[in-house]
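Trainee: I would like to go through this model with you. Could we begin with the terms and then turn to the residues?
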Amino acid sequence: MATTQEEAAAPALPIKAPDMYQLQGAQLHITYSTTSFDGKPRFVYQDATEIGTLVTVTIRMTIDTGSTSFTLLVPTVNLGPSNHATIHTEGITTIHRFSIIPMFNQGQTELYSVSPLTGTASFVIF
C-alpha cells in the first residue's frame, strides 16, 4: 500500500505517561498522583485494614527489554513465648516491559502475578 507524503511526514506521537491513578475494589479506594500542586507525589489509601511492609527486589534486569521484580507483603506479626508464628501472605512478581522501539512502549507495561505464600516468622538472635 502506498503512503501519501502527508502520512510519511506525520510526526510520531509523543508517549505520555499518566500522572493520576484512581483505583477501587471491594471496600478499597486508592488515589495516586505522581505530582501535585506543590510538585510532590500523593498517595491516598482508604481501607479498614493495614497491608504491612512491602519489600521489593529486582530479580532480573536487561538493558533493552525491561526487568522483573518481586514484592513480598510482610504482615505484622506478634510473637508469643515460642518466638515464632505461622504466617500466610502474598508475593507479587512484576514484569516491567520495555522496548528500545518507542512505539512498542504504549499501553500497560507492567504485568503482575500473585503467589500465595506460607511459612514462619521468628525472632532470631544474630
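Mentor: A salt bridge is a side-chain nitrogen of Lys or Arg within 4 Å of a carboxyl oxygen of Asp or Glu. This is a predicted model, in which local features need pLDDT of at least 70 and side-chain atom pairs count only at pLDDT 80 or more, while totals for chains, interfaces and linings use all residues. Residues are numbered from 1 along each chain as its sequence is written, and side-chain values use heavy atoms, with hydrogens and water left out.

Trainee: How many salt bridges does the structure hold?
Mentor: The structure holds one. In that salt bridge the side chains of Asp38 and Arg42 meet, at 2.6 Å from N to O.

Trainee: New topic: where is Thr89 placed?
Mentor: Thr89 is in strand E6, residues 84-97; strands (E, at least two residues) and helices (H or I, at least four) are DSSP runs, numbered from the N terminus. Thr89 counts as buried because its relative accessibility is 13%.

Trainee: What does the side chain of Thr89 reach?
Mentor: It reaches the backbone oxygen of Leu73, at 2.3 Å. Setting aside residues up to four places away in sequence, Thr89 touches several residues, including Leu72, Val74, Ser115 and Leu117. Contact here means heavy atoms within 4.5 Å.

Trainee: And Asp19, where does that lie?
Mentor: Asp19 lies in the loop between helix H1 (5-9) and E1. At 44% relative accessibility, Asp19 is partly exposed. Apart from neighbours within four places in sequence, Asp19 is in contact with Tyr32, Ser33, Thr34 and Thr35.

Trainee: How far is the C-alpha atom of Asp19 from that of Gln106?
Mentor: The two C-alpha atoms are separated by 15 Å, and the residues are 87 apart along the chain.

Trainee: Last one: which residue classes make up the lining of the largest pocket?
Mentor: The lining has 17 nonpolar, nine polar and three charged residues. Ala, Val, Leu, Ile, Met, Phe, Trp, Tyr, Cys and Pro count as nonpolar, Asp, Glu, Lys and Arg as charged, and the others, Gly among them, as polar. E6 gives the most to this lining, with four residues.

Technical notes: Buried means under 20% relative accessible area, exposed over 50%, partly exposed in between (1.4 Å probe, protein chains only). A polar contact is a pair of N or O atoms within 3.5 Å; within protein, one must be able to donate a hydrogen and the other to accept it, and residues adjacent in sequence count only if both atoms are side-chain atoms.
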